[in-house]
Amino acid sequence: MKVARGFWSHVLVVLAVAVVLSAIARHAGYSVAAWALLASGGLAIAFLAYFFRDPDRPVVEDSRAVVSGADGWVRSVERFREDKYLKTDCVRISTFLTPFDVHVNRAPIAGSIAALDYTPGKHLFTIQEAASDVNEHSSIVIVGRRTRCLVKQIVGPIVRRVVYWLTVGQSVEAGERIGMMKFGSRLDVYLPEEDVEVLVKPGDRVLAGITAIARIRKGDST
């Protein structure tokens, strides 16, 4: 099974904590507790392996397809103006991830990375509307041949880290791995409203790099 970047560093931390606490318990004469701590460490590592799984996905063949950036459920499809990065009227498609979803994120469109940003903030439950603006989040702007998009990885209230594996100017293909939400639970994709036709609605199940969430109006599918 393929696992995402960062998996082994988390394993080392869990393993070290379990071994140290077990040694302390054994030294104090609590043998049962020592074995229980080691077993707990093993379970935690098994969960990490499940959480960091990173399955391969097929190549996106349709160049007009905008694919989902995350596995999960479409929480909302909303329209409003985005003035910081895209500076135009946009449609925002929000995907909510459960703990059982793959948390590796993928590029919705092919293009060049035009901007990267990380914004500190609050840790509201990501199901709340305000979370997109006030929660800690990353911002990734991809400029493609036919349209642009803004991707926001948004942290939740429990464990609070999202990462991207990108540099400004880097080229990406649609569906390419771009980062991971380490227990974060919401990803927003912003698209210029006039450029796309939305293909999903709230409640739809989507898979990163596979499910087309919108279709670019301009050009053919090659």
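The secondary structure of the protein chain comprises 3 helices and 14 strands, where helices (H or I, at least four residues) and strands (E, at least two) are DSSP runs numbered from the N terminus. The model is a predicted one, in which local features need pLDDT of at least 70 and side-chain atom pairs count only at pLDDT 80 or more, while totals for chains, interfaces and linings use all residues. Residues are numbered from 1 along each chain as its sequence is written, and side-chain values use heavy atoms, with hydrogens and water left out.

Along its principal axes, the C-alpha trace of the protein chain spans about 70 × 35 × 35 Å. Of the 222 residues in the protein chain, 45% are buried; buried means under 20% relative accessible area, exposed means over 50%, and partly exposed lies in between (1.4 Å probe, protein chains only). The accessible surface of the protein chain comes to about 10700 Å², and carbon and sulfur atoms account for 63% of this surface. These areas come from the Shrake-Rupley method with a 1.4 Å probe, and for residues only the protein chains shown count as cover. Contacts are defined by heavy atoms within 4.5 Å. Among contacts between residues at least 6 apart in sequence, 72% join residues at least 24 apart.

Strand S5 (residues 111-119) pairs with strand S9 (residues 171-172) over 2 bridges in the antiparallel sense, and Gly111 has Val172 in S9 as its bridge partner. S5 also pairs with strand S6 (residues 137-143), again antiparallel, over 7 bridges; here Asp117 stands opposite Ser139 in S6.

S6 in turn pairs with S7 in the antiparallel sense over 7 bridges, and a hairpin of 4 residues joins S6 to S7. Within this pairing, Val143 stands opposite Arg148 in S7. Strand S7 (residues 148-154) is mostly covered, with 6 of its 7 residues buried. S7 and S11 run antiparallel and are joined by 5 bridges, with Lys152 opposite Asp188 in S11.

Side chains of opposite charge can pair when their charged atoms come close. A salt bridge is counted where a side-chain nitrogen of Lys or Arg lies within 4 Å of a carboxyl oxygen of Asp or Glu, and by this rule the count comes to 15 salt bridges. One of them joins the side chains of Asp71 and Arg57, at 3.1 Å from N to O. Asp71 lies in the loop between strand S1 (65-67) and strand S2 (72-82), and Arg57 in the loop between helix H2 (31-51) and S1, so the pair ties together parts that are 14 residues apart in sequence. Asp71 is buried, with a relative accessible area of 2%.

Arg81 forms a salt bridge with Asp83, in which the closest N and O atoms are 2.7 Å apart. Arg81 is partly exposed, at 46% relative accessibility. A further salt bridge, at 4.0 Å from N to O, is formed by the side chains of Arg92 and Asp188. This pair links distant parts of the chain, with Arg92 in strand S3 (residues 88-96) and Asp188 in strand S11 (residues 186-192), 96 residues apart. Arg92 is buried, with a relative accessible area of 1%, and Asp188 is buried at 0%. Salt bridges that share partners also join Lys2, Asp54, Asp56, Arg106 and Arg177 into one network.

Notes. Two strands pair if DSSP finds at least two bridges between them.
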